[in-house]
Amino acid sequence: MVESPLLSISGLRCGYGGKPVLQGVDLTIRAGEITAVIGRNGVGKSTLIKAMIGLLPPSGGSIRFRDRDIGAMSPHVRARLGIGYVPQGRDVFPRMSVEENLRVGESIGGAGAADFDAVYGYFPILRERRRQAAGTLSGGQQQQLAIGRVLIGNPTLVLLDEPSEGIQPSIVQDIARLGVALNRDTGLTIVLVEQNIDMIRAMAQRCYVMDKGRIVAELTPEMLDDRDIVRRHLAV
Ligand SMILES: Nc1ncnc2c1ncn2[C@@H]1O[C@H](COP(=O)(O)OP(=O)(O)O)[C@@H](O)[C@H]1O
Ligand SMILES: [Mg+2]
């Protein structure tokens, strides 16, 4: 039996004011997988993620999550349904403590009791710094907090927008390992939008290439093993 997809996007169009960006995106996200969408700057990756969580209204096409049409639902309702969003640039609340940031995630997120111990288990540094203002954390620690803030709401699907941006390579690998562990241990479905080859290779089980507001290719796992092929697709 073929499992129905967790999320399916069809013919999605979206833009800013009169400016079209997404020009008919078709994308299927399978439950329990880590799917990467790669593409160079400005092709519409963040626009796609924002349309998926509901921060931008689509001008055409459909978004279905667990067989419900969510295309007209607010970000808040989508979060309650189990979609977590980690924005590009992280956007932690800098003056609030680490733990207060997690509490915001708890209030936004989906079903079930928030498990602070589980999040602190994945990110020990956040437990250590739980009383510290989030703005004083390093970029990598803020990225961990931004991910933790979403995990605290027990999402089914997490959307990660360029988590490697501005983070040193060793920490990028730590975050990639963590994403893989979460996926393996809890079955969490992850959509990763990235330009960082190392992060893509470390995390992606399936990889699509975006260009000019469309999905234009799929890279097989064998292709992902070849850095030159991945690099070429990031430089289209
Ligand atoms: N708030 C905005 N208003 C107008 N245009 C925008 C806005 N955000 C992004 N864009 C434009 O939309 C296009 C896609 O941007 P984006 O989705 O951020 O690309 P990516 O995440 O792949 O780098 C770019 O041409 C960008 O300049
Ligand atoms: Mg972006």
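Tutor: Let's start with contact: two residues are in contact if their C-beta atoms, placed from the backbone, lie within 7 Å. This is a predicted model, so local features need pLDDT of at least 70 and side-chain atom pairs count only at pLDDT 80 or more, while totals for chains, interfaces and linings use all residues. Residues are numbered from 1 along each chain as its sequence is written, and chains are lettered from A and ligands numbered from 1 in the order in which they are written.

Now the helix pair. Helices (H or I, at least four residues) and strands (E, at least two) are DSSP runs, numbered from the N terminus. From helix H3, Val98, Asn101, Leu102, Val104 and Gly105 meet Leu145, Gly148, Arg149 and Val150 of H6. The axes of H3 (residues 98-108) and H6 come within 7 Å and cross at roughly 40°; axes here are lines fitted to C-alpha atoms, for helices over the stretch in contact, with angles running from 0 to 180 degrees between N-to-C directions. That makes H3 oblique to H6, since angles under 35 degrees count as roughly parallel, over 145 as roughly antiparallel, 65 to 115 as roughly perpendicular and the rest as oblique. The crossing is right-handed, meaning that the near helix is turned clockwise from the far one by less than a right angle.

Strands S7 (residues 157-161) and S8 (residues 189-194) run parallel, joined by 5 bridges, and Asp161 stands opposite Val193 in S8.

Finally, the core. The largest nonpolar core has 64 residues, and Leu159, Leu192 and Ile200 touch the most other members. Such a core is a set of buried Ala, Val, Leu, Ile, Met, Phe, Trp, Tyr and Cys residues joined through C-beta atoms within 7 Å; buried means that 20 or more other C-beta atoms lie within 10 Å of a residue's own. Leaving out residues up to four places away in sequence, Leu192 touches Ile34, Ala36, Leu160, Met203 and Ala204.

Definitions and conventions:
Buried ≥ 20, exposed ≤ 12 C-beta atoms within 10 Å, placed from the backbone. Pairing = 2+ DSSP bridges.
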